[in-house]
Amino acid sequence: DLLPFCGVPFDSYELSDIADPRLPDYKVYVFPNTFTLTGEMRERIKRVVRRPGKTAIWFFAPGYYDGAGEGCVSLVEDIVGVPVKLRTLDSTCPYDRQIVPVGSSICRHDGWQSIFMPEPAAPSTVRNAFRDAGVHVWMDSDDVFSAGRGYVTVHASSDGNKVVKLPEVSNVSEIFAASHDREGVEAIRENMRKGETRVWRLNVP
């Protein structure tokens with residue numbers, strides 16, 4: 001539920017697709033809930049994400065179980081690349097234990113990086129991780145965003161001015177004709193109401 005608010009387009013896959021040669025060569029790979037990782041799957045993931053120019057973002061307790069033995073923090077350390085520990089939480093939390101990094105939550109090695117986020121992150125935190133990885137960020141506001149195949153969609157999470165920064169100069173036309181066509185623009189700027197959805201078609205001149 002987090003990625004649609006981060007201002008970047010994304011694709012979703014089954015974890016087993018990680019070793020499929022047809023998988024696009026992404027800059028960033030996000031693993032929202034990989035609590036159980038077999039040894040074979042762990043090695044498949046490493047072969048994809050531990051390459052120069054790649055970033056892996058991990059949430060919660062990735063790889064804590066290997067599908068065979070007891071859960072182990074060393075298995076988490078192995079996949080995220082940073083030291084971690086098991087922390088006991090107080091009774092106000094919905095769960096009693098949490099795996100957290102010991103020191104830095106970022107591992108950088110041989111041109112690739114791994115980022116461990118043990119708790120649900122704010123969209124801005126994930127957005128900045130994408131930006132640092134060299135991904136074009138289309139929106140800096142926490143609105144629902146999607147883009148692909150020449151179309152851009154924004155669903156406003158709040159009232160106000162919305163700015164969609166295009167990756168290249170484009171001609172823009174709105175599908176439902178709520179605004180006039182624009183030629184040779186670098187960004188789409190619209191005032192929107194909360195709950196409003198707008199769709200634009202992009203053409204590169």
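**Ground rules.** I am working with a predicted model, where local features need pLDDT of at least 70, side-chain atom pairs count only at pLDDT 80 or more, and totals for chains, interfaces and linings use all residues. Residues are numbered from 1 along each chain as its sequence is written, and side-chain values use heavy atoms, with hydrogens and water left out.

**Aromatic pairs.** I searched the whole structure and found eight aromatic pairs. Rings of Phe, Tyr and Trp (its six-membered ring) pair if their centres lie within 6.5 Å; planes under 30 degrees apart are stacked, over 60 edge-to-face, the rest tilted.

I looked up Phe-31 and Trp-58, a stacked pair with 4.2 Å between centres and 10 degrees between planes. Phe-31 sits in strand β1 (residues 28-31) and Trp-58 in strand β2 (residues 55-59), so this pair ties together parts 27 residues apart in sequence. Strands are DSSP runs (E, at least two residues) and helices likewise (H or I, at least four), numbered from the N terminus. Both Phe-31 and Trp-58 are buried.

Next came Phe-35 and Tyr-64, a tilted pair: 5.7 Å centre to centre, 35 degrees between the planes. Phe-35 is partly exposed at 36% relative accessible area, while Tyr-64 is buried at 12%. Buried means under 20%, exposed over 50%, partly exposed in between (1.4 Å probe, protein chains only).

I also noted that ring pairs link Tyr-13, Tyr-26 and Tyr-29 into a cluster.

**Ala-129.** I found Ala-129 in helix α3 (residues 123-132). Ala-129 is buried, at 7% relative accessibility. Beyond neighbours within four places in sequence, Ala-129 contacts Ile-57, Ile-115 and Met-117; contact means heavy atoms within 4.5 Å.
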